[in-house]
Amino acid sequence: MNPDWSLLAPEYILAGWAAMVISVDLFFGRVRKDYLAYLAALGALVAALVSLIYINDDKPFGALLQIDNYATFFRVFFCLIAFFTCLISARFVQERVIHAGEYYALILVTTIGGIYMAAAEELLTAYIGLELLSFSLYVLTSFLKFDLRSNEGGLKYMLLGAFSSAILLYGISLIYGVTGTTNFSEIAQALSGNNDDLRFPMLLGLVLIISGLGFKVAAVPFHMWTPDAYEGAPLPITAFISAISKSAGFALFLKLFAEGFMPVIDEWRWIVAGLAATTMVFGNLVAIQQRNIKRLLAYSSIGQVGFLMMGIAAISPDAASAMLLHLAGYVISNLAVFVAIIICYNQTGKENIDDFAGLAERAPFVAMCLGASLLSLAGMPLFAGFVTKFILFQAAANQDMLWLAGVAVLMSFVSLYYYLVVIKEMYLGQPEAPTRFPIVPLEYAALAVLTAGVFFVGLYPQPFFDATANATDLLFAGTSAASVSSGPPAP
Amino acid sequence: MELGMEQAWLLPAITGGTFAFLLLFGKYLPRGGDFLAVGAGVATFVVFLFILTDLLDVPRESLPIGKGWDWVSFEGLEIRLGFEVDEITIVMLAVVTFVGSLIVLYSTGYMRGDPRYGWFFTVLMLFITSMLTLVLADNLLLLYAAWEGVGICSFLLIGFWHERRSAAEAAKKAFITTRIGDVGLLIGIILFWRATGTFDISEIIEAAEHGEGLLGDGTYLTLATLLLFAGAAGKSAQFPLHVWLPDAMEGPTPVSALIHAATMVVAGVYLVSRMMPVFAAADPIALDVVTALGFITVFISAAIGLVQTDIKRVVAYSTINSLGLMFIALGSLSVTAAMLYLLTHGFFKALLFMASGSVIHATEEQEVSKLGGLIKKMPITGWTFAIGALAMAGLAPLSGYWAKDEILVALEHEQNIILLALASFSVFITAIYMGRIFYLAFLGEPRDHHVHDRAHESPPVMTMPLVVLTALTLVSGFIVFSGVGEALGFDGGFGEFVYFEEPEVFHFDWIIGIGSLIAVIAGLAAVPYFWGGTGERAHAVAQQFPWAYKLVKNKFYMDEIYQVFLDRVVFVLSGILAWFDRNVVNDTGVDGSAMITRLAGYRAKFVQTGQLPNYAFAIAFGVIMLAVIAFAVEF
């Protein structure tokens, strides 16, 4: 059967655009580097718009990819992440990075990798998508050639990445050995049969796959690379990693476990739940101790990973859609935080929490947006974080995971502390210099849009809720999810 | 676009948008943007007219009609922003949009020169938005949100001159007292939600009528209904929660006219009218409570009104008196009488407040001991006040007469002769104190010549609304007649338009009609007798019954009783709780757990060594641990 090549149009656009950005940089070396950023951002935006064509499609590409609402959701989502990352990189890259063309091209290529992870229907395609994403990110992390921390972070990220890739591959091979297939739904069929002899390798395969994906999303204890990579990477790339690497990891995690491993849910549910609990406790506790804003966000993102894994442990149509909702809310809030921090960094070149003292006087708008986004991350009402956490925790509680939801609430509470510390510095601290920040229209606009998103999700979550419910609708269609689900998601 | 009932959401949207605009940009606009507020007020009235036309076109059975959006909807919880219109709502809309726009206009004169001029109009817009949302809401949750919205606006506006301690105290008192009722309302709403799983008013009414689920349990239904009534009693200043309304007169007079006469205080009446099928389905004791509290409120307020010497406070007590009457009507299942009284009361009470505001504006004095003889200096204010007072007293053929007559007829139908007699007696007292306040302020000789010399007629922007309201006070009562109703495009008289269960065709009961008229005239005639000259006869009566005079003069010591309760019970209890909170909860619980958390974080951070082999080891360790857990669970 000939695959329908037209299904991959957004990826062609991204890849072609990446080549174009490199060529422009190569052949028109004197072009202003921030134009490259706008060019790349435009490409991401075009790809996002083209992706919208496939809404409500449900077509396979060979047996490798499935272009359905789930894939469309993540296509748009990842392209928008890339769009914002390119935009906010403009000034940073112009001032601090050489080889701007490659920088933007890699961002677009990473996006392709992420999309393949979300759209994959079988393990090897997913693995290749993951490697495409990871390799681009290794390079991007160490992009600041003359910065030791950047080199260190990139190297650690790559070595550990290779290590965990091996673990993941080993897991994949074991599952292939047990089931004789790499296709998700065929895995589910094979596993639902009675196969007691192969229990041991199947379990080992599960553990290894969870570990490998756990590395990707930075679950404790596979998170060690995160703080170093976050701190070392160029700031916009830190934002990019925190958004796309996690989302893509979770997209694959959710799809694989909902479609492939549902029949053996009792085997892995407690592993994931335990991992979720450890991750949220560890991430949030260590975050309290951080002094560097990037490391603080690294640990806080680890804490958030714990919340998201809860959605996988409590897997059900409700929980899956709630997890996607929280993922979207988290990424929007987190990007807003990073945009605000990048604006400050471009101005001051400093990145410790103390350096934010008196920001409210020097840049009131930035301080307000940063404050709102941090409160959203903490899960305060009015902001995105409250709604998404509420729905996610409720979904977990509905699946007999009340204890886990309890731990999550407690840790949300802890997280409020370290977010508030930043807000306190901004509003109560004395500024080093009383000068106002100059207003950079583009960066301020990006910040305004993202902050508006934070409020929008917080005040009127219904459209997002519908979107995530649509996206996850089909995940459970094939498997006998009826035994664990508590009814269809709200229309 | 067709403008009709489905677009009713436009009403709060217009004023809400104006509020947001004034809040953000008001200080950059000339005159604080008051013209925008006036424009928004007029716009709501115009939209109201379209809605009214639309409502008259459709058959009654299709009501209520409206439109809504799901705000949040997931399993087990649906929150809607829904707006709908029915007959009761349209009466409320008439009062809110019409009186509202007049008062916004009047305020541009009354508040001139105030340092927070723009802020006044901003809050006024927020109030009108909340009030419109309250009457249009199709579900109890939205209604409750708007209910608290008008509460907070009332708080802000009573305390508008918060530099004055008494104003700040009054704002606090109003807020806290009504909150007591509001808690009841909230619990009531939750009880209904628990029983039916919905906040939708129509669905709840249906469930109550058919006794579905938990609502089939009479005690549960009655309890929930009484809790709803608690909220209504708080907002509508019914005994024993009436104490805040007289103090609320500390606010600017337009506020008293709008919030504390025409609109917010009748929200309770509106709520009970809207939920009347639920009250009827509950145990009869629920409606008996409504009637009983109505009567107590009427007599307490009437008695206190007799001895008050502050012109605005007398009008305030007359408001409590009127609200009591409306609840008496509701207790007798007569939504018609209650809503008719509400409509006419909105006009003549706003008129009374605005006229007394005109007096205060001109003389900067509100004690009648310093006033007197003002009618020559302020003829428009004086005559309009007189007509308002006569309507409040219930003199035919003013609007107050017809509305009060409906209530008395309803009492005769549903209750016994004793209650009818009591109500008629209250009409007599009302006539006395309304006559008294007019007599003391506007007739006779000036008591303070400084004040009298200062007095002057108010500017047209203030007297014009007075004249408009006077006209309405004169004629609005006639809509009880079928002929008048039909001429206006209704099916018939007011009773055939707004009713509960059965349309009420107007018929005039001669005994009651003439009897109440005699009571009014007797009351008015007694005024010059007792308060003529220097008022010796009134003094003599007071001296005859010193204890009774003292009791009434001190407002039945309600404030003192509450104060003792607060001091002896509430503050003692809260003192104990505060000690517990400081020593146990804070020092041990919060600080202690914070210390443990921080210590744990401090320990855990050393796991991150920065050494690559350690990282790899952690991953390997993690894999092994997971495998161990997996196998432990498995085998």
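User: What share of the 491 residues in chain A is buried, and what makes a residue buried?

Analyst: In chain A, 64% of the 491 residues are buried. A residue is buried if 20 or more other C-beta atoms lie within 10 Å of its own, exposed if 12 or fewer, and partly exposed in between, with C-beta atoms placed from the backbone. This is a predicted model, in which local features need pLDDT of at least 70 and side-chain atom pairs count only at pLDDT 80 or more, while totals for chains, interfaces and linings use all residues. Residues are numbered from 1 along each chain as its sequence is written, and chains are lettered from A and ligands numbered from 1 in the order in which they are written.

User: How do you know that the length of helix H16 of chain A agrees with its number of residues?

Analyst: The expected span is 1.5 Å times one less than the number of residues. For the 15 residues of H16(A), 384–398, that gives 21 Å, and the end C-alpha atoms are 21 Å apart, so the two agree.

User: What makes H16(A) mostly covered?

Analyst: Of its 15 residues, 12 are buried, including Phe386(A), Lys389(A) and Phe393(A).

User: Why are H11(B) and H14(B) called roughly parallel?

Analyst: Helix H11 (residues 267–274) and helix H14 (residues 311–331) of chain B pack at about 5 degrees, with axes 10 Å apart. Axes are lines fitted to C-alpha atoms, for helices over the stretch in contact, and angles run from 0 to 180 degrees between N-to-C directions. Angles under 35 degrees count as roughly parallel, over 145 as roughly antiparallel, 65 to 115 as roughly perpendicular and the rest as oblique. The pair is therefore roughly parallel.

User: Which residues of H11(B) meet H14(B)?

Analyst: Val269(B), Val272(B) and Ser273(B) meet Leu323(B), Met326(B), Phe327(B) and Leu330(B) of H14(B); contact requires C-beta atoms, placed from the backbone, within 7 Å.

Definitions and conventions: Helix = DSSP H or I, 4+ residues; strand = E, 2+ residues; numbered from the N terminus. Contact = placed C-beta atoms within 7 Å.
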